[in-house]
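This briefing sets out selected computed features of the structure shown below.

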Number of protein chains: 2
Amino acid sequence: MTYRNLISPTSSSTAAFPPHDAALSNGTAPTSNPASHSPPPLKKVLTKGSGINRHLQHMEYAVRGELVLRAEELAKKLKLAQQPAAALPFDHVTYCNIGNPQSVGQPPITFVRQALAAAVCPSLIGAGPPEQSASKGMFPPDVEERVKQVLEASHGVGAYSDSRGLEVVRARVADAIRERDGGIACDPEHVFLTNGASDAVKTMLGLIVRGTGDGVMIPIPQYPLYSASMTSMRGVQVGYYLDEDKGWSLSMAELQERLEEARGQGVDVRAIVIINPGNPTGQVLTRQNMEGVIRFCEREGLVILADEVYQQNVYVTDKPFISFKKVVTEMHSKVELASFHSVSKGVMGECGLRGGYMEVVNMHQDVIELIYKVLSVSLCSNVIGQLAVDLMMTPPKPGEPSYELYNAEVTAIFESLRRKALALSEGLNSFEGVSCNPSEGAMYLFPRITIPEAAKVAASERGMASPDVLYCVELLEQTGICVVPGSGFGQKEGTYHFRTTFLPPEDQISDVIEKMRTFHSNFMKKYSANSQS
Amino acid sequence: MTYRNLISPTSSSTAAFPPHDAALSNGTAPTSNPASHSPPPLKKVLTKGSGINRHLQHMEYAVRGELVLRAEELAKKLKLAQQPAAALPFDHVTYCNIGNPQSVGQPPITFVRQALAAAVCPSLIGAGPPEQSASKGMFPPDVEERVKQVLEASHGVGAYSDSRGLEVVRARVADAIRERDGGIACDPEHVFLTNGASDAVKTMLGLIVRGTGDGVMIPIPQYPLYSASMTSMRGVQVGYYLDEDKGWSLSMAELQERLEEARGQGVDVRAIVIINPGNPTGQVLTRQNMEGVIRFCEREGLVILADEVYQQNVYVTDKPFISFKKVVTEMHSKVELASFHSVSKGVMGECGLRGGYMEVVNMHQDVIELIYKVLSVSLCSNVIGQLAVDLMMTPPKPGEPSYELYNAEVTAIFESLRRKALALSEGLNSFEGVSCNPSEGAMYLFPRITIPEAAKVAASERGMASPDVLYCVELLEQTGICVVPGSGFGQKEGTYHFRTTFLPPEDQISDVIEKMRTFHSNFMKKYSANSQS
């Protein structure tokens with residue numbers, strides 16, 4: 001093994017300045033006295049524009065954008081108002097802007113919370129110090145059993161784990177991936193546990209993007225994590241459009257054209273992001289589609305970044321989720337692949353725990369070691385989130401004490417999601433001038449809306465980048481429903497959309513639909529009228 | 001408010017490639033058939049060297065470096081061995097390489113774990129759904145009370161929080177900071193909760209470093225998070241030496257010289273990192289020293305990044321910890337400051353929870369909003385870690401039900417740390433050819449070791465960057481004690497050190513000292529002998 005000195009200039013491309021020994025030993029007074037210096041500067045060092053990393057200034061993230069800040073202002077206003085009814089035209093804000101199930105009433109899974117509580121406070125299962133007075137036997141034996149296994153194989157939730165995640169968890173996750181993919185081998189050394197999927201995505205993009213000339217193909221519409229990360233990393237976003245008229249399907253011709261267009265402009269395209277099931281579009285890829293993508297990537301030398309965080313959120317029976325790992329392996333392809341998953345979605349919806357993992361396939365051992373090193377600089381992902389990944393991937397099995405309740409809870413959540421997805425898309429399609437592909441998966445709908453000319457004029461007069469922003473702002477101000485403008489995800493020029501989740505409680509969905517319906521027809525009237533006056 | 005389209009080329013410096021409408025509507029077959037393409041490339045896209053972001057390849061992180069990987073190999077070997085005694089010259093690996101207290105036996109604080117378990121599984125305090133069958137009253141009433149407050153003011157631990165952290169926690173943390181600093185105001189809007197302090201540090205460096213010409217002053221020796229982050233961000237590490245002969249103190253003359261040297265080489269120096277108490281050096285800054293740094297930064301237009309994660313780990317009575325926030329405010333200085341803290345150190349040692357915060361002072365509102373936006377791309381830090389920050393900053397008060405046990409636990413841990421720090425430094429100083437400044441704070445000692453010429457030759461023959469690597473490798477192989485070579489932190493040319501924690505259980509410390517003593521004298525004999533032969 002070789003070692004190098006961290007601060008020696010040779011150890012990195014960024015020269016350091018180790019002083020000469022001579023300069024060191026002297027304890028002399030400052031070589032320059034204050035008088036010889038300009039007085040304390042009045043202006044700040046860190047200022048917008050040239051004073052801060054411009055790539056971060058250019059970065060945008062609509063899902064948590066200004067519309068959401070406005071929604072929070074309105075919610076505060078309602079909270080403080082004596083008579084909410086008098087304060088605003090609505091009495092509560094309905095957050096449909098982000099896939100955050102537990103913030104809108106989805107309950108956590110009992111099994112998950114019992115296991116995590118036991119891991120945090122082992123005395124609850126009789127495994128902790130006596131001071132933490134608590135009675136054994138309050139949780140089901142299978143919960144006690146698996147938590148004890150993890151505690152025995154680790155230093156608990158309070159110690160840094162291996163930077164890739166606890167070995168015991170990675171081994172169990174690898175087994176679960178193998179089962180998911182019908183027996184295809186999964187090496188725990190190729191599994192990395194991260195703070196949600198976002199950290200894993202950023203880590204991979206950080207390896208792939210070497211400089212400003214490098215590009216990554218990203219769907220349009222897309223989840224803005226990708227555009228924001230590419231912007232901050234100084235890479236080029238090579239957009240490829242999903243075909244709305246064909247249920248947001250992915251066209252190989254489109255991929256080929258966009259790739260050649262980008263290469264024609266001197267971009268070194270290195271990878272492609274595939275979000276399956278789609279966000280914000282909700283489509284599920286067919287196996288044929290996936291095979292096409294894999295052949296395309298082999299042919300063109302691209303890495304596949306497969307965002308598969310919605311793999312448990314598939315609501316159609318004719319298009320089951322198939323992992324890219326499975327298809328790549330069954331095609332005997334050597335294409336390099338990274339697959340991302342998270343505890344934030346699925347039926348657990350444990351967004352706040354920040355648990356996620358990445359599996360890499362066909363990657364060179366050097367790359368696997370480099371990922372390990374990069375993660376080690378952050379020491380490790382939060383260990384409770386790591387345990388949540390284990391609980392998601394290896395749920396109770398039939399016959400185990402926790403199974404019945406677990407199964408009842410996840411079935412109720414899943415079926416409700418399926419019903420809500422259908423109800424909301426049918427509702428939206430019944431509006432005049434709105435068309436919405438049904439959600440085959442994920443947690444979102446991305447309806448297309450027609451916008452009157454007068455509204456376009458009004459939007460540009462208000463300095464909005466796109467008329468769909470005006471639509472969403474007025475929807476929020478008039479109904480309290482917070483959705484995200486399609487322009488925050490990207491859309492075909494001249495088309496307008498918004499992204500809405502279908503996560504509000506089931507008994508509120510029809511109310512949401514009717515509020516949207518009334519708003520929509522008023523919006524159309526208002527701006528059609530204006531345009532005639 | 002203004003909105004911009006994420007994927008429009010004008011929205012960022014990294015041009016995107018929205019295809020022309022014409023290209024879109026066509027559903028034609030691939031414009032090119034496989035035949036017209038080169039066959040699947042045999043070589044990988046991601047390869048060491050030119051194939052991956054070189055800045056990440058150059059990055060190093062000794063605290064989790066190859067020496068630690070070797071230690072883990074040895075630990076595995078012992079675990080698998082029938083007779084450990086026969087397998088290796090030691091029967092267990094002693095990890096002194098990283099400040100990870102709970103991995104070496106430090107127990108968690110009962111109050112902390114009870115509160116977190118209740119937040120994870122609210123039925124434990126009668127606040128959750130009945131299915132999570134559990135009896136109320138098992139935890140002290142003050143634990144129940146504060147957890148209920150947090151749950152009522154949030155959506156619980158399973159929902160994404162505000163990207164800056166839960167409002168209720170930031171408010172409590174701000175109150176605690178105000179108390180710490182003797183009543184100096186703290187605005188919750190200037191407090192950001194993060195996954196440990198590391199994420200906060202990387203976020204600030206990411207704003208400050210605009211490109212390859214920008215530099216940040218970093219102490220030598222330093223904690224490698226800073227050098228690794230600067231390398232990955234393409235910034236320049238401007239090293240300034242701490243004066244070992246003066247107890248690792250900070251010399252204003254040294255700062256001035258290094259700054260001018262770097263500027264002379266065209267580096268735009270924008271900030272300085274101060275680690276107080278020091279890591280790996282353990283010194284505590286005097287107020288006079290801090291005032292000098294603040295005047296220096298005002299004069300030279302530098303931002304102060306104050307790594308204050310060891311603020312609770314001060315073992316000397318004559319040098320209390322004083323926050324930079326307090327001194328900056330009392331000097332009426334307008335210097336821009338970011339202060340970092342973490343639940344990983346102190347007496348909690350909850351490394352695995354990844355809880356931390358950053359407070360910014362004198363920053364422009366634009367910068368505060370930009371930090372918010374940057375954090376929003378990762379959605380939020382893990383919420384359980386956020387609660388841990390609250391528990392650290394606002395512990396039980398005298399008279400509260402949890403106080404007595406809490407106080408007994410933290411006192412025992414703190415006094416043990418103090419005794420271990422003293423015992424280990426005295427032990428090391430009793431070795432011939434070893435000198436070690438006592439640890440005034442933090443969790444580390446950084447002894448200076450003399451290395452025989454023959455050992456330097458042997459090290460370079462083995463391709464080691466520094467002879468202290470040879471020393472640490474042989475220490476590990478012969479005693480099982482894992483420490484980190486001084487070259488991983490930086491040291492004055494021609495001097496050699498290693499960093500060791502003093503975290504092993506108190507009853508093992510004398511054994512550690514004696515093993516080190518024997519190893520050291522054997523090492524000196526071995527290489528002195530060689531050099532004479």
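**Helix H13 of chain A**

The buried residues of H13(A) comprise Val367(A), Ile368(A), Leu370(A), Ile371(A), Tyr372(A), Val374(A), Leu375(A) and Ser376(A). The coordinates come from a predicted model, for which the predictor reports an ipTM of 0.91 and a pTM of 0.91 for the complex.

- Helix H13 of chain A covers residues 365–376, which is 12 residues.
- From the first C-alpha to the last, H13(A) reaches 17 Å, close to the 16 Å expected at 1.5 Å a residue.
- Within chain A, the buried residues of H13(A) pack against strand E2 (191–194), helix H8 (196–208) and strand E8 (356–361).
- In chain B, the packing partners of these buried residues are helix H2 (54–58) and helix H3 (66–80).
- As a general point, an α-helix has 3.6 residues a turn, so residues three or four places apart point the same way.

**Confidence**

- The average pLDDT of chain A is 89, and 89% of the residues score at least 70.
- Residues 1–39 of chain A have a pLDDT below 50, yet this stretch has 93 contacts in the model beyond near neighbours in sequence.
- Where pLDDT is low, the predicted coordinates should not be read in detail.

**Cysteines**

- Over all chains, a search of the whole structure finds 0 disulfides.
- Cys380(A) takes part in no disulfide, and the nearest cysteine sulfur, that of Cys351(B), lies 8.0 Å away; a disulfide would require the two sulfur atoms to be within 2.5 Å.
- Cys380(A) is buried, its relative accessible area being 4%.
- Cys297(B) is also buried, with a relative accessibility of 1%.

**Thr94 of chain A**

- Thr94(A) belongs to strand E1 of chain A, which spans residues 94–95.
- Thr94(A) counts as buried because its relative accessibility is 5%, and the cut-off for buried is under 20%.
- Apart from neighbours within four places in sequence, the contacts of Thr94(A) are with Gly480(A), Ile481(A), Cys482(A), Pro504(A) and Val512(A).

**Gly301 of chain B**

- Gly301(B) sits in the loop of chain B that lies between helix H11 (287–300) and strand E6 (303–307).
- Although it is a loop residue, Gly301(B) is buried, with a relative accessible area of 18%.
- Gly301(B) and Ala423(B) are 122 residues apart along the chain, and their C-alpha atoms are separated by 42 Å.

Conventions
Residues are numbered from 1 along each chain as its sequence is written. Chains are lettered from A and ligands numbered from 1 in the order in which they are written. This is a predicted model: local features need pLDDT of at least 70, side-chain atom pairs count only at pLDDT 80 or more; totals for chains, interfaces and linings use all residues. Side-chain values use heavy atoms; hydrogens and water are left out. Buried means under 20% relative accessible area, exposed over 50%, partly exposed in between (1.4 Å probe, protein chains only). Helices (H or I, at least four residues) and strands (E, at least two) are DSSP runs, numbered from the N terminus. Contact means heavy atoms within 4.5 Å. The expected span of a helix is 1.5 Å times one less than its number of residues. pLDDT is the predictor's confidence in each residue, from 0 to 100.
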